[in-house]
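Keep the structure in view as you read.

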Amino acid sequence: MMIVAVVTNSGKSVSNHIALAKKIAFYDFPKGNLIKIIPNPIMEKIKDNNIKLEKNPSGGRHLKTGKELPKFLAKEGANIFIAKQMGEGMKMNLIDLGIKPCSTQAQTIEDAIGELKCL
């Protein structure tokens with residue numbers, strides 16, 4: 001069994017933004033059964049530290065999502081991470097920790113996991 005992690009707000013759809021997603025859902029693969037849904041640690045950091053979400057001139061928010069989230073996902077046992085989009089730094093950090101980054105345009109988590117059937 002592999003564990004797939006997906007960013008989500010509703011628990012049903014894939015969130016558009018990794019850092020701003022409220023939760024991360026973990027599923028077993030290939031069955032697709034939900035294991036757990038937990039708060040996104042990046043969003044928790046934003047709330048706990050009252051971080052303003054304005055973008056800086058380069059377009060980023062400097063939340064260190066690409067460094068912190070891969071470590072969190074590795075601790076949670078994720079083998080695959082699904083998001084609508086992610087930067088190259090995050091992809092490399094995921095790969096370095098043995099997590100396969102997968103981009104999707106699927107709206108629902110079910111469809112996003114279904115796209116992985118080719119693995």
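Q: Where is the place of Pro-30?

A: This is a predicted model. Pro-30 sits in the loop between strand E2 (23–29) and strand E3.

Q: What kind of peptide bond joins Phe-29 and Pro-30?

A: The bond between Phe-29 and Pro-30 is cis. Its omega is about 20°.

Q: How are two packed helices described?

A: Take helix H2 (residues 65–75) and helix H3 (residues 88–96). Their angle is about 25°, and their axes lie 8 Å apart. That makes H2 roughly parallel to H3. The crossing of the two is right-handed.

Q: Which residues in H2 and H3 meet?

A: H2 brings Thr-65, Gly-66, Lys-67, Leu-69, Pro-70 and Leu-73. H3 brings Gly-89, Met-90, Asn-93 and Leu-94. By class, this contact of H2 with H3 has five nonpolar, four polar and one charged residues.

Q: At what angle do helix H1 and H2 pack?

A: H1 covers residues 41–48. Its angle with H2 is about 125°, with the axes 9 Å apart. H1 and H2 are therefore oblique to each other. From H1, the contact uses Pro-41, Ile-42 and Lys-45. From H2, it uses Thr-65, Glu-68, Leu-69 and Phe-72. By class, the contact of H1 with H2 has four nonpolar, one polar and two charged residues.

Q: What shows where empty space is left?

A: Roll a probe the size of a water molecule over the atoms. Here, look at the second largest pocket, which holds about 210 Å³ of space. It is lined by 14 residues. Closest to its centre are Tyr-27, Gly-32, Ile-109, Glu-110 and Ile-113.

Q: Which helix gives the most to the lining of the second largest pocket?

A: Helix H4 does, with four residues. Strand E3 (34–39) and helix H4 (109–114) each supply at least two residues of this lining.

Q: How does the lining of the second largest pocket divide by class?

A: The lining has six nonpolar, four polar and four charged residues.

Conventions: Residues numbered from 1 in each chain as written. Predicted model: local features only at pLDDT ≥ 70, side-chain atom pairs only at ≥ 80, totals over all residues. Heavy atoms only, no water. Axes fitted to C-alpha atoms, helices over the stretch in contact; angles between N-to-C directions. Parallel < 35°, antiparallel > 145°, perpendicular 65-115°, else oblique. Left-handed = near helix turned anticlockwise from the far one by under 90°. Contact = heavy atoms within 4.5 Å. Nonpolar A, V, L, I, M, F, W, Y, C, P; charged D, E, K, R; others polar. 1 Å grid on protein atoms, 1.4 Å probe; cavity = no way out; pocket = protein on both sides within 12 Å on 5 of 7 lines; lining within 4 Å. Points joined across faces, edges and corners; volume = space filled by probe spheres on them.
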